[in-house]
Every structure is written in structure tokens, then in C-alpha cells.
Amino acid sequence: MADVPEARLLALWRRVSRLPLGTRIFDVLLARAVPYSGTVRPHVRVLEPGRVEILMRDRRRVRNHLRSVHAIALANVGELASGLAMTAALPSSVRGIVVRLEVEYFKKARGPILARSEARPPAEVTGPLDHAVTADLLDASGERVAQVTVHWRLAPRPAA
């Protein structure tokens, strides 16, 4: 099962992130693979099985009329962080899909935003089950501006 998305994602990260500008190359490839998430220009800083850090710059395209980062841009980068953490953590025998998304906003987001997510899927998935993964969104001072909770439906991957 080496050709499952989980294996390809980590293999690509490990191959390109060591190169000069490798993380930027990964960002471009990610934006092509997931065009909507690419609109916030995420910069993946850490990608390990179950752990991700993504930086989103504060720029005009992600701002609202109050000159803060738009709520949906925050939700976008939080969902992406959850997705990469979960995808990188899933065993090849399991697949997952998002079934619900919750966002809690704590304060106006200004400046660069760091999205951190850790996913610890169950060791064994014998039938469909739901599993929540959170992403904390932090401003430059380390204060949490939002938290995104993504609910995943996990199930055994069908035999090929």
C-alpha cells in the first residue's frame, strides 16, 4: 500500500524539504494539489506523522474590512493543518474524510498566524468511527486567536 496518499505526502515532504527552498517547493505543490487551501499561501514549516505547523502571512488578500485576518482564512489554514496532521498520521489501512468543522474565535487576528495541529488517530479502526483533531492558531506573540476542531470519519480502506 505504498501508493496511498498518506505515504506519498510524507515521502514528498521528506524528499523536498531538505533541498534549498525545499519547503517553498512543497508549498507550491500543496497549493496545486489543494487549490482552495492554497489561496491563503500556507507555508508548511513542520510535517511529521501526526504533527504539523503552518505559517500564514498577514496580507491584504486574507484580510477583512476591519484590517484583521478574515475568519474564513483562519478556518482554512486550521482545517489544512488538521488535514495534513491527520493524513500524515493515518495508517495505510485507514482512510478519513471531514464530516464537521467548528471554529472558535478568541480575538482579532493580526500579523502572521501559526497553525499547529497534532493528530493521534486510534491504533485500530475496524469500522467507521468519528475522531476530532484540533488546530490552534497563534499570533506572533503566541496568543491563541482561534481554534479549529475538525471531525473526521475514519474507516478501513477497502481492499484494492
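Me: Helices are DSSP runs of H or I with at least four residues, strands are runs of E with at least two, and both are numbered from the N terminus. Going by that, what pattern does the chain follow along the sequence?

Reply: The order is α-α-α-β-β-α-β-β-β-β. That gives four helices and six strands.

Me: What kind of model is this, and how are residues numbered?

Reply: This is a predicted model, where local features need pLDDT of at least 70, side-chain atom pairs count only at pLDDT 80 or more, and totals for chains, interfaces and linings use all residues. Residues are numbered from 1 along each chain as its sequence is written, and side-chain values use heavy atoms, with hydrogens and water left out.

Me: How much of the chain is buried?

Reply: 42% of the 160 residues count as buried. Buried means under 20% relative accessible area, exposed means over 50%, and partly exposed is in between (1.4 Å probe, protein chains only).

Me: What share of contacts comes from residues 24 or more positions apart?

Reply: They make up 67% of the contacts with a separation of 6 or more. A contact is heavy atoms within 4.5 Å.

Me: Switching to rings. How many aromatic pairs does a search of the whole structure find?

Reply: One. Trp13 and Phe26 sit edge-to-face, 5.0 Å centre to centre, with 85° between the planes. Rings of Phe, Tyr and Trp (its six-membered ring) pair if their centres lie within 6.5 Å; planes under 30 degrees apart are stacked, over 60 edge-to-face, and the rest tilted.

Me: Which parts does that pair tie together?

Reply: Trp13 is in helix α1 (residues 5–16) and Phe26 in helix α2 (residues 22–33), so the pair ties together parts that are 13 residues apart in sequence.

Me: Are Trp13 and Phe26 buried or exposed?

Reply: Trp13 and Phe26 are both buried.

Me: What about phi? Where is Leu21?

Reply: Leu21 is in the loop between α1 and α2. Its phi is near 60°, a positive value in a residue other than glycine. Most residues other than glycine have a negative phi. Leu21 is exposed, with a relative accessible area of 66%.

Me: And what is phi of Arg67 near?

Reply: Near 65°, again positive in a non-glycine residue. Arg67 lies in the loop between β2 (51–56) and α4 (71–89). Arg67 is exposed, at 62% relative accessible area.

Me: Now Val40. Buried or exposed?

Reply: Val40 is buried, with a relative accessible area of 4%. Val40 is found in the loop between α3 (35–38) and β1 (43–48). Beyond neighbours within four places in sequence, Val40 contacts Met56, Arg59, Val62, Ala73, Asn76 and Val77.

Me: Last one. Where is His151?

Reply: His151 is in strand β6 (residues 144–156). His151 is buried, with a relative accessible area of 14%. Setting aside neighbours within four places in sequence, the contacts of His151 include Ile97, Val99, Glu102 and His131.
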